[in-house]
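Q: Could you walk me through this one? I'd like to start with its surface and then look at a few residues.

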Amino acid sequence: MSAKPRRWAGPGFETFGSIFGFIYTFLAGNVLLAAANAPLVFCLALVADPAAAWPFFLALSVTIAPSLAGVFAAFRALNDDGGAVKPVAAFLRGYKRSFAKAALLGVGAVALLMFLGVDLAVIQSVPGAALLVPLVVVVAAVTVSLAVTAIAGVVLLPEARLKSILKASLYLVVQRWYLSLAMLILLGIIVSAAVLQPVLGVALAPAPLLFVIWSNASYAFHAVLRSA
């Protein structure tokens with residue numbers, strides 16, 4: 001007798017639990033990011049042309065770095081706990097644990113970007129602007145990529161020294177330049193959404209895109225650790 005064909009049982013409880021874990025983490029992550037960066041979100045909603053007041057908004061963005069550490073910690077908990085994840089608790093633990101290092105990275109990145117922004121405005125009238133402007137843009141892109149990658153490293157390697165994390169992050173940013181490029185594109189989408197529609201943009205866009213950034217950074221760090 002031929003064996004009876006097996007019926008497809010459909011997705012199991014674990015599958016639904018994992019899907020719910022992702023959705024819950026993304027929704028909670030967006031709310032927590034908005035709360036942690038409330039002054040920035042509030043001003044974006046009020047000002048019609050944020051680009052005209054970019055130094056002001058860049059200064060307000062110092063709060064982003066610790067909140068990134070918090071949401072990255074929530075993503076790490078999602079990977080470890082799956083459907084049983086508690087993203088709010090994980091975010092708050094990560095925010096508190098990584099605050100000092102992440103805040104230092106954020107202040108350093110904002111200060112350098114502010115300096116580069118002023119330089120960019122000045123050198124546009126200089127004869128060698130055609131060569132200097134692309135250089136400034138590249139340095140700014142590396143600064144952003146390095147800061148975000150280092151924040152992911154702080155969450156992944158909480159016991160490591162910040163200097164060591166920065167060295168490893170710079171290596172990853174340069175060596176895996178394609179991941180850095182993808183990160184900049186995703187960050188650009190998040191910024192565009194937040195500027196064009198501050199409420200909806202912050203409520204919907206950041207967490208899923210930041211999860212991709214976190215996954216790439218986590219993969220890069222683990223690949224380096226395995227080969228070390």
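Predicted model: local features only at pLDDT ≥ 70, side-chain atom pairs only at ≥ 80, totals over all residues.

Q: Switching topic, what does the secondary structure come to?
A: There are 10 helices and zero strands, and, read from the N terminus, the elements run α-α-α-α-α-α-α-α-α-α.

Q: How many salt bridges are there?
A: The count comes to one salt bridge, which is formed by Glu159 and Arg97, with their closest N and O atoms 3.1 Å apart.

Q: Which parts does that pair tie together?
A: Arg97 belongs to helix 5 (residues 87–123), while Glu159 sits in the loop between helix 6 (129–156) and helix 7 (162–175), so the pair links parts that are 62 residues apart in sequence.

Q: Are those two buried or exposed?
A: Both Glu159 and Arg97 are exposed.

Q: What about Ser145, is that residue buried or exposed?
A: Ser145, which is found in helix 6, has a relative accessible area of 2%, and because buried means under 20%, Ser145 counts as buried.

Q: Which residues is Ser145 in contact with, leaving aside neighbours within four places in sequence?
A: With those neighbours set aside, Ser145 is in contact with Val173, Ser180, Met183 and Leu184.

Definitions and conventions: Residues numbered from 1 in each chain as written. Heavy atoms only, no water. Salt bridge = Lys/Arg side-chain N within 4 Å of Asp/Glu carboxyl O. Helix = DSSP H or I, 4+ residues; strand = E, 2+ residues; numbered from the N terminus. Buried < 20%, exposed > 50% of the residue type's maximum accessible area, 1.4 Å probe, protein only. Contact = heavy atoms within 4.5 Å.
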